[in-house]
Structure formats: C-alpha cells, structure tokens
Amino acid sequence: MIDLNYLKFFHRRKEILFDNLCFNLKSGSITGLLGKNGAGKTTLLKLIAGMIFPKDGKVEVMGYNPKKREPNFLKQLYYLPEEFYLPNTSVKFYIKANAVFYPNFDYELMDIQMQKFEIPINNRLSKMSYGQKKKFLIAFALATKCKLLILDEPTNGLDIPSKSIFRKMLAGALSEDQLVLISTHQVKDVENLIDRIIILDHGQMIMNREIIDISEKYQFTTVRDTKSIEPLYEESGPIGSRVIVPGNGNSSSVDIELLFNATTSGIKLT
C-alpha cells in the first residue's frame, strides 16, 4: 500500500527533515502516526498524498508515484487536513458535486453517518461551526470508501459524544483492503482504534510496531511502589506511578501516551 525508500526531504532554507526514511504499510489496518510538534507528521502525510514532493528517494502508494497525481491514484485516496476550507454551499450540493470523484462512494453510508452526527442535509457549510464541519468531512471521508484515508488530527474540534461516534464509525466502516493513517496529538481519542503505531522524532522513525506485538511484550500498569520492580519507564501520578514493565506472557492494554513518552525520551523498547 505505502512504500517509502530512503526518503529525503527538507523545506527551503531549513535543515533536513527526513533523511533516508524507510517504512512499509499494508492495507487492512488503522495506523497512528505520532510525534511532537515539528516532527514532520503533516509533511509526511502530504508527501504520501502527492501534495509535496521528496527531494530524493522513492515514495510509492498503491503502486503509484504520488508526484504524478494520476486520476486513478487520486480517486482511491482521501486526505482530511487539520485546517480546511469549505465553500458556501449546502451540504447536499457539496455531496452531489464531490462524491462523483470517488467511484465507490456510499451514499447510504453517508446518510447514516450524517444522522448519527445530527447534520441536516440542507445546512449551509458556511453557517456551520468548526466542529460540525469536521464531523461532516469525517462522514464524507468514510463514505468515499477510498483504499487510503489520511486523517490529520480528525478529533480536533469534536465534543466528547462526537468523538465516541467517530470511533464507532471508523471501526465499523472499514474493509480489509483499506488503510487509515491517522496523525494526532489526541492519543486517548484513538487509543482503542489503532492497530499499528508509528512514532516520528526529529525526522526519524523511532517506532513502527503493531499494537498487539507491544501488548504481548510489555505490561502497562499503575503501581503504588516501584521498589519491588524494575520498570523500563515510569511516570509519577496522584495515585502512584504509571510504569512499563516486561510482559508476563499475557496481553496488556497499551497506554499509548505512556509508550510515546517513553520512546521519545530515549527508552529503547525493542
């Protein structure tokens, strides 16, 4: 689905952001792309979508070179940016005008998701709040049935009930031939959704692992006293210490925030 080989990229007059970045992602997963501000998450998404171009190396997505922006490539990809513009049209007209670009667009699914998000079909997009616009675009993205969905900070602007609806929608709307790539700082919003995690730090990929693999190898828990254990990583909290310790052979629920903090602080979890 996505193959990056020795990717190099830098912004004009700035230091190199990516230098020989390599990774491969296959369909049938929801992958979380995490990193601190400035780590290159949005830049990487734009490179994959063909919105900007690498300085060197190879980017291949669904067998296409994104740089060429071929119609057969574009109709299989939907990119939802963090910042977006919507025209002064009705919801109904926007769907009519844009759904035709996606041959697998599911109008019935769009109607169902609009109802769940409580978005009237005759609303004008310009009159909607940021959160309502975001919900509409999420519904549209899932209805396209594109093989690759790229969502940059999809839960920004959503209230708590809408975040819950979003998680249920995403979990229930995908097929095995699709790949969802989510970039977010709100890890708690997608913690139970993602099945692979990629962490970027200073332009380097410092983790690319399946969640199930992490859950079997490590245990994430809270303890009152760490004297009797040797945690790989710990953070103090109001009721004890949140820790990562070697696994005991049983799967553990993965605390992605703790995992991220450990990995970006230099802890090597192999």
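In this predicted model, the largest nonpolar core contains 54 residues. Those with the most contacts inside this core are Tyr78, Met110, Phe136, Phe166, Ile197 and Ile214. Helix α5 supplies the largest share of the core, eight residues. Apart from this core lies another one, of 30 residues, including Met1, Ile2, Leu33 and Val59. In soluble globular proteins, nonpolar side chains tend to be buried together.

Which residues does tyrosine 78 touch, not counting those up to four places away in sequence? They are Tyr102, Leu137, Phe140, Ala141, Thr144, Cys146, Leu148, Leu149 and Ile150.

Tyr78 also belongs to the lining of the largest pocket, where Leu77, Tyr78, Tyr79, Tyr94 and Tyr102 lie nearest the centre. The lining comprises 19 residues, and the pocket holds about 410 Å³ of space. By class, the lining residues divide into 17 nonpolar, one polar and one charged.

| Element lining the largest pocket | Residue range |
|---|---|
| α2 | residues 71–74 |
| β5 | residues 77–80 |
| α3 | residues 91–98 |
| α5 | residues 130–143 |

Strand β5 gives the most to the lining, with four residues.

Helix α1 spans residues 41–49 and is mostly covered, with seven of its nine residues buried. The buried residues are Lys41, Thr43, Leu44, Leu45, Leu47, Ile48 and Ala49. After α1 comes glycine 50, whose phi is positive, near 80°.

Elsewhere in the chain, strands β11 (residues 233–237) and β12 (residues 240–246) pair in the antiparallel sense over five bridges. The two strands form a hairpin with two residues between them. Within this pairing, tyrosine 233 has isoleucine 244 of β12 as its bridge partner.

Isoleucine 206 is located in strand β9 (residues 204–210). Is isoleucine 206 buried or partly exposed? Its relative accessibility is 34%, and therefore isoleucine 206 counts as partly exposed; the class runs between the cut-offs of 20% and 50%. Leaving aside neighbours within four places in sequence, isoleucine 206 is in contact with Ile199, Asp201, Thr263 and Thr264. Between isoleucine 206 and glycine 240 there are 34 residues of separation in sequence and 28 Å in space, C-alpha to C-alpha.

How values were computed:
Residues numbered from 1 in each chain as written. Predicted model: local features only at pLDDT ≥ 70, side-chain atom pairs only at ≥ 80, totals over all residues. Heavy atoms only, no water. 1 Å grid on protein atoms, 1.4 Å probe; cavity = no way out; pocket = protein on both sides within 12 Å on 5 of 7 lines; lining within 4 Å. Points joined across faces, edges and corners; volume = space filled by probe spheres on them. Nonpolar A, V, L, I, M, F, W, Y, C, P; charged D, E, K, R; others polar. Core = buried A, V, L, I, M, F, W, Y, C linked by side-chain atoms within 4.5 Å. Buried < 20%, exposed > 50% of the residue type's maximum accessible area, 1.4 Å probe, protein only. Contact = heavy atoms within 4.5 Å. Pairing = 2+ DSSP bridges.
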